[in-house]
Amino acid sequence: MEIRDATPEDADAACDVLRQSIVQLCSADHRNEPAILERWLSNKTPEIVASWSRQRGNSLLVAVEGKAILAVGSVTDAGEITLNYVAPASRFRGVSRSMLAALEARAKQRGNARCRLTSTETAHRFYLSGGYVDDGAPIGKFGTLSSYPMFKRLTD
C-alpha cells in the first residue's frame, strides 16, 4: 500500500470510497435516515472531490494498492483533518491508521504542533486509541446525534 497526493484523475474512485464508507460503515451516525445521508453525501461528487485535490491550503491523500483506492484523507495547512474514510473492503487492515499517520505527518510538515478534527460516532474510539482527546461537548453534524471535536498534540 502507498499513500500519495490525490490527483483530479482519482476523483471518481475516491468519491466511490467516500460514499461507500459513509453509507456502509457510518450507520451509527446516519441511522439510515435519508435526510441525514443526503446532507452528508451532497458534497461527495467526483467534481467536488477533484476540486479538493487542487484546493490551495489543503492536502487530499489517497491510499492505493495497485490501481485500487483503499482510503481517502484530507488535512488543511492549519492542521484540521477533514476526511479520513476507508473502503469497506479495506477496513481492519491498518489502512485508516496509516492514513491518519500520513495526515498528521503532512500537518507537521506544514508547521502544526497539533491536529484537530470532528469525529463521527463510528470513528470516535479509533481516534481515542490514536491519541486524540475530546475537545468540548459533542455537536450535531449533518443531523447526526453526535460529532466529537477532538485534537492531538503532534510530537517529534
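**Entry 1: salt bridges**

I began with the charged pairs and counted 7 salt bridges, taking a salt bridge as a side-chain nitrogen of Lys or Arg within 4 Å of a carboxyl oxygen of Asp or Glu. I note here that the model is predicted, so that local features need pLDDT of at least 70 and side-chain atom pairs count only at pLDDT 80 or more, while totals for chains, interfaces and linings use all residues. Residues are numbered from 1 along each chain as its sequence is written, and side-chain values use heavy atoms, with hydrogens and water left out.

One of these bridges joins the side chains of Arg106 and Asp5, at 2.9 Å from N to O. Arg106 sits in helix α5 (residues 95-109) and Asp5 in strand β1 (residues 2-5), so this contact ties together parts that are 101 residues apart in sequence. For the elements I used DSSP runs numbered from the N terminus, with helices as H or I of at least four residues and strands as E of at least two. I then looked up accessibility, where buried means under 20% relative accessible area, exposed over 50%, and partly exposed in between (1.4 Å probe, protein chains only). Arg106 is buried, at 16%, whereas Asp5 is partly exposed, at 39%.

A second pair I checked is Asp77 with Arg110, whose side chains form a salt bridge at 3.0 Å, N to O. This pair links distant parts of the chain, with Asp77 in the loop between β3 (68-76) and β4 (80-86) and Arg110 in the loop between α5 and β5 (114-119), 33 residues apart. Asp77 is partly exposed at 33% relative accessible area, and Arg110 is partly exposed at 41%.

I also recorded Arg31 and Glu33, whose side chains meet in a salt bridge at 3.3 Å, N to O. Arg31 is partly exposed at 31%, and Glu33 is partly exposed at 35%.

**Entry 2: the sheet**

Next I traced the strands, counting two as paired if DSSP finds at least two bridges between them. I found an open sheet of 7 strands in the order β1-β2-β3-β4-β5-β7-β6, with mixed pairing. The edges are β1 and β6 (133-134), each with a single partner strand, so one side of each is left without a neighbour in the sheet.

Strands β3 and β4 run antiparallel and are joined by 5 bridges. I noted Gly73 with its bridge partner Asn84 in β4, and Val75 standing opposite Ile81 in β4. The hairpin of β3 and β4 has 3 residues between the strands, and Gly79 takes a positive phi there, near 90 degrees.

On to β5, which pairs with β4 in the parallel sense over 2 bridges; here Glu80 has Arg116 in β5 as its bridge partner. Of the 7 residues of β4, 5 are buried, so this strand is largely enclosed by the rest of the structure.

I returned to α5, which has 15 residues and reaches 21 Å from its first C-alpha to its last, close to the 21 Å expected at 1.5 Å a residue (the expected span is 1.5 Å times one less than the number of residues). Its buried residues are Val95, Ser96, Met99, Leu100, Leu103, Glu104, Arg106 and Ala107. An α-helix has 3.6 residues a turn, so residues three or four places apart point the same way. After α5 comes Gly111, whose phi is positive, near 90 degrees.

In helix α6 I looked up His124, which counts as buried at 11% relative accessibility. From His124 to Asp135 I noted 12 Å between C-alpha atoms, at 11 residues apart in sequence.

**Entry 3: the largest pocket**

Last I searched for open space on a 1 Å grid over the protein atoms alone, where a pocket is an open set of points at which a 1.4 Å probe fits, with protein on both sides within 12 Å along at least five of seven lines. The largest pocket has a volume of about 950 Å³, the volume being the space filled by probe spheres set on grid points joined across faces, edges and corners.

I asked myself which residues lie nearest the centre of the largest pocket. They are Asn84, Tyr85, Thr120, Ala123 and Tyr127, out of 40 lining residues, which are those with an atom within 4 Å of a point. The elements giving two or more residues to this lining are α1 (11-25), β3, β4, α5, β5 and α6 (124-129), and β4 gives the largest share, with 7 residues.

By type, the lining divides into 15 nonpolar, 17 polar and 8 charged residues.

Key: Nonpolar A, V, L, I, M, F, W, Y, C, P; charged D, E, K, R; others polar.
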